[in-house]
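This briefing covers one protein chain. Please look over its sequence and structure before reading the notes.

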Amino acid sequence: MAAMSDQFTIVTDPVAGSVALSAIFAVLPLLTLFVLLGAVRMRAWLAGLISLVVALVVAVAIYSMPVGQALLSASEGAAFGFFPILWIVLNAIWVYNLTVVSGHFDVLRRSMERVSPDMRIQAIIVAFCFGALLEALAGFGTPVAVTVVMLMALGFPPLRAASVALIANTAPVAFGALATPIVTLGTVTSGASDDPRLTTETLGAMVGRQTPLLAVVVPLVLVAVIDGRRGVRQTWPAAAVAGVVFAAGQFLASNYVSVPLTDIIAALLAAAAVVLLLRFWRPAETPDLREPARGAPAAQATGPASGRPADAPAASDTGRFADAPAASDSRPDARPSPARPSPAGPVVATAERRDSGAEVARAYAPYLIIIVIFSIANIGAIKSAFAKEPWTQAFAWPGLHVYGASGKPLSSTTFTLGWLPAAGTLMILAGLLTAVVLRIRPGRALRAYADTYVELRHAIVTVMAVLALAYVLNQSGQTNTLGEFLAAAGGLFVFLSSMLGWIGVAVTGSDTSANALFGALQVQTADRAGLDPLLLAAANSSGGVLGKMISPQNLAIAASAVGMAGREGDIFRRVVGWSLLLLLVMCILVTLQGTPVLGWMVP
């Protein structure tokens with residue numbers, strides 16, 4: 001038994017016995033993080049470290065948590081941030097980097113371009129389907145950085161390419177990086193509530209009954225942003241097929257196959273469905289929406305004569321959804337920098353180069369390898385065997401002794417090290433096989449692995465700091481205080497829960513970080529208000545995905561990729577309306593799922 005000075009029991013009202021007064025101090029770490037990221041625009045890793053320090057000070061000075069216990073709590077959170085979270089991300093991005101250094105990423109891009117000459121359909125395939133695949137493997141801004149450059153290579157104007165890439169990066173986010181946000185959510189919520197459903201599998205199933213609605217809508221939004229009402233009218237079959245098939249794949253995979261594989265399965269099914277559709281159907285008109293050279297006339301649409309520039313739809317085609325290039329699109333500083341491909345250049349090269357069937361097969365091989373490995377690892381008998389020693393070790397975090405109000409140790413003080421079945425470890429195996437298939441020398445593969453760590457060095461610090469912050473908030477009682485305070489909102493909190501996740505992602509840029517910060521808060525508020533903790537925990541992640549397109553980090557990634565660094569505000573104005581509209585839809589859906597109307601959707 002630990003000495004009294006080496007243990008800590010959570011209290012929710014340390015300031016004058018008042019939850020409301022205590023909440024003023026409990027919110028300080030989160031407020032610090034929001035202000036530093038949102039207003040001061042400080043680098044995320046530095047803002048995370050400063051907010052962690054604030055949380056430690058509040059824990060020790062206000063909640064009377066022993067200094068040693070507070071530091072140990074932070075160390076456990078940082079360790080969890082690296083394993084399994086960063087372990088997944090780092091190794092997933094390594095696999096992607098292997099495709100880049102081998103040249104097979106370009107093969108993959110060219111194969112997608114050849115599916116259809118219509119830029120609106122190319123956007124569905126590249127930004128939505130392939131972007132979802134990248135989100136499934138890597139997440140953390142990778143899909144935006146990659147797809148925005150691909151869209152520009154296809155000829156999209158910079159602002160529109162950035163807007164399309166950001167809007168597309170919504171529906172897949174909750175299951176991104178092999179469901180890292182869901183894994184994190186399951187960890188932080190299982191220690192905050194006694195509800196046995198708060199596991200990765202059940203939370204994934206619940207999120208898989210919310211985000212598919214977004215998936216149905218997002219491809220239609222993309223073609224509306226690209227070509228206004230004309231785009232929706234002419235390409236809705238492709239947009240609908242992509243959205244519906246992705247939604248069905250996401251629901252079925254998350255509920256009946258594998259939560260980590262959800263987006264991979266959904267993305268591949270959606271892409272295959274669009275390719276199959278294009279064998280039997282083509283848009284009546286294929287307008288050339290590329291940005292013309294300065295001073296050059298706009299290209300005319302192919303197909304039926306339109307009698308007008310393709311990038312300037314008639315009044316009946318525009319309306320409030322149209323996203324015709326603004327005057328700012330043609331300014332020199334809105335164009336890609338000289339170091340980046342000009343919009344029209346790569347298109348010519350693509351038409352001239354034809355990749356062999358073997359090269360195309362190798363380009364897709366890494367994703368098939370990942371699916372096979374994860375499918376095998378998720379077979380019932382194998383999964384059960386790997387969950388036991390020596391493949392998985394569970395142990396109390398050394399020296400950390402935190403007790404809940406009931407007097408029982410918090411379950412979050414037990415650290416689970418599943419070193420073999422961890423998704424990150426499986427990704428290493430996939431990477432090794434990928435290197436063999438793509439004929440990458442061992443030395444080059446090793447350099448790519450080291451480069452991945454260097455590339456993500458700031459992200460590593462950020463994630464570890466945010467998870468350390470989350471653990472200190474949860475284990476010191478600060479999250480409990482906020483949960484008890486918010487419980488006063490009663491049934492109204494069902495509607496607000498998605499907004500909380502949206503705020504978290506908008507500020508941190510990560511659904512994983514938002515789940516770490518607010519997951520425990522959601523379920524504790526649900527318990528106190530008599531609401532369903534599973535529903536609110538899932539709503540945190542599902543609502544959060546809609547904050548991704550307006551987060552400062554993602555905006556900065558998109559702006560730098562299109563050569564518009566410093567003009568993030570222009571991109572923000574293009575996407576914020578869609579973010580708020582889709583958030584409202586999610587809030588209504590979650591609210592109805594909390595009533596008998598759609599209550600049957602909750603596992």
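The model is predicted: local features need pLDDT of at least 70 and side-chain atom pairs count only at pLDDT 80 or more, while totals for chains, interfaces and linings use all residues. Residues are numbered from 1 along each chain as its sequence is written, and side-chain values use heavy atoms, with hydrogens and water left out.

**Whole chain**
- The protein chain has 25 helices and four strands, taken as DSSP runs numbered from the N terminus (helices H or I, at least four residues; strands E, at least two).
- Of the 603 residues in the protein chain, 58% are buried (under 20% relative accessible area, with exposed over 50% and partly exposed in between; 1.4 Å probe, protein chains only).
- Contacts (heavy atoms within 4.5 Å) between residues at least 6 apart in sequence join residues at least 24 apart in 80% of cases.

**Nonpolar cores**
- A nonpolar core is a set of buried Ala, Val, Leu, Ile, Met, Phe, Trp, Tyr and Cys residues joined through side-chain atoms within 4.5 Å.
- The largest core has 172 residues, and Phe 130, Leu 151 and Ile 264 have the most contacts inside it.
- Helix H6 (residues 119-137) gives the largest share of this core, 15 residues.
- A second, separate core has 11 residues, among them Leu 98 and Ile 440.
- Leaving aside residues up to four places away in sequence, Leu 151 touches Ala 123, Val 126, Ala 127, Phe 156, Ala 161, Val 164 and Ala 165.

**Helix H9**
- The 15 residues of H9 (residues 176-190) should span 21 Å at 1.5 Å a residue, and the 20 Å between the end C-alpha atoms agrees (expected span: 1.5 Å times one less than the number of residues).
- H9 is mostly covered, with 12 of its 15 residues buried, including Gly 176, Pro 181 and Thr 189.

**Two sites**
- Leu 31, in helix H2, is partly exposed because its relative accessible area is 45%.
- Val 562 lies in the loop between helix H24 (552-561) and helix H25 (568-593), and counts as buried because its relative accessibility is 0%.
- The C-alpha atoms of Val 562 and Ala 145 are 9.1 Å apart, although 417 residues separate the two in sequence.
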